[in-house]
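Here are my notes on this one, point by point. Have the model open while you read.

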Amino acid sequence: MTTTQKTTRRVLTIRKSVAERDAPKTPAALVTPVTPVAPDPLPRVSKPSLIRARLEANGGASLAELVEATGWQPHSIRAAMTGLRKQGLTIEKTLVDGVTRFAIVVPEVIG
């Protein structure tokens, strides 16, 4: 009696790494110099400093104005104002035409 043995042939495929796969195909692309990106001419303004600047402006700012300027939710604006209070600033709240406005009170210099 003859026994037949089944053999399975397995083909191994070698995958290229992502770096090899995405590498440029032509030598000219490898030699092309990369130009450095120039830094922004104006420094970035942080949102907390933007809130402080708006509150220091003449007349202060309403909550809606601060939300529009920063893109933050109202509770985040209030938390940022609490942080300013903790830094020792005094924030005054006034009602103008039915809208609550907030402003940083600058202490008067006596002398």
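1. One cut-off before anything else: buried means under 20% relative accessible area, exposed means over 50%, and partly exposed is what lies in between. At 33% relative accessibility, E65 therefore counts as partly exposed. Please also keep in mind that this is a predicted model.

2. The overall layout, then. There are five helices and three strands in the chain, and from the N terminus on the elements run α-α-α-β-α-α-β-β. Of the 111 residues in the chain, 15% are buried. The accessible surface comes to about 10,100 Å², with 57% of it belonging to carbon and sulfur atoms. Looking at contacts between residues at least 6 apart in sequence, 40% join residues at least 24 apart.

3. Back to E65, which is found in helix α4. What does E65 touch, not counting residues up to four places away in sequence? The answer is R54, G60 and R101. Its side chain also reaches the backbone nitrogen of S62, at 3.1 Å. As for I51, that residue is 14 residues apart from E65 along the chain, and the two C-alpha atoms are separated by 9.7 Å.

4. Leaving aside neighbours within four places in sequence, S62 is in contact with V99, T100 and R101. R101 is also the bridge partner of S62 in β3.

5. Now the strand pairing. β1 and β3 run antiparallel and are joined by two bridges. β2 and β3 also run antiparallel, with seven bridges between them.

6. The β2-β3 hairpin has two residues between the strands. D97 sits in the loop there, and its phi is near 55 degrees, a positive value in a residue other than glycine. I'd flag that for a glance, because most residues other than glycine have a negative phi. Is D97 buried or exposed? At 79% relative accessibility, D97 counts as exposed.

7. Last, helix α5 (residues 74-86). It has 13 residues and reaches 19 Å from its first C-alpha to its last, close to the 18 Å expected at 1.5 Å a residue. Its buried residues are I77, A80, M81 and L84. They cover an arc of only 100 degrees around the axis, which puts them on the same side of α5. What covers these buried residues includes α3 (47-56), α4 (63-70), β2 (90-96) and β3 (99-105). On the face turned away from the buried side, α5 carries the exposed residues H75 and K86. Just after the helix, G88 takes a positive phi of about 100 degrees.

8. If you only have time for a few stops, I'd take these. Look at the E65 side chain reaching the backbone nitrogen of S62, then the positive phi of D97, and finally the buried side of α5 with I77, A80, M81 and L84.

Note on methods. Residues numbered from 1 in each chain as written. Predicted model: local features only at pLDDT ≥ 70, side-chain atom pairs only at ≥ 80, totals over all residues. Heavy atoms only, no water. Helix = DSSP H or I, 4+ residues; strand = E, 2+ residues; numbered from the N terminus. Expected span 1.5 Å × (residues − 1). Buried < 20%, exposed > 50% of the residue type's maximum accessible area, 1.4 Å probe, protein only. Arc of directions from axis to C-beta. Contact = heavy atoms within 4.5 Å. Pairing = 2+ DSSP bridges. Polar contact = N/O pair within 3.5 Å; in protein donor to acceptor, adjacent residues only side chain to side chain. Areas by Shrake-Rupley, 256 points an atom, 1.4 Å probe, with all protein chains shown as cover.
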